[in-house]
Amino acid sequence: MTIPQAKMQLMDGLKDILSNHLQAALTHPKSDLEINVIGGMMLGMIRYYLQTNDFPSSKEIHQLSDTLNLIFGA
């Protein structure tokens, strides 16, 4: 198995685990959109940590929140 294949399998496995935990945590009916979008964001946060070896700063989190609000019109 090549490194890119192993990385893809790892990310797919993480996505499945996160999806299962997210579905169990939701107190309202599950939505495929919610599971996919929130799961993707969680994978992105893991990827960010692995690339930077650090958690995002408060400023970065606020900027992300502002951008999501702009995109989704919340």
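View 1. Helices (H or I, at least four residues) and strands (E, at least two) are DSSP runs, numbered from the N terminus.

View 2. Of the 15 residues of α3, the number buried is 0, so the helix lies largely in the open; buried means under 20% relative accessible area, with a 1.4 Å probe and protein chains only.

**View 3. The chain as a whole, with 3 helices and 0 strands.** From the N terminus on, the elements run α-α-α. The radius of gyration, taken over C-alpha atoms, is 14 Å, well over the 11 Å that the globule rule gives for 74 residues, so the chain is more spread out than a compact globule; that rule is 2.2 Å times the number of residues to the power 0.38. Along its principal axes the C-alpha trace spans about 45 × 30 × 20 Å, and 11% of the 74 residues count as buried.

**Notes.** Residues are numbered from 1 along each chain as its sequence is written, and side-chain values use heavy atoms, leaving out hydrogens and water. Because the model is predicted, local features need pLDDT of at least 70 and side-chain atom pairs count only at pLDDT 80 or more, whereas totals for chains, interfaces and linings use all residues.

How values were computed
Buried means under 20% relative accessible area, exposed over 50%, partly exposed in between (1.4 Å probe, protein chains only).
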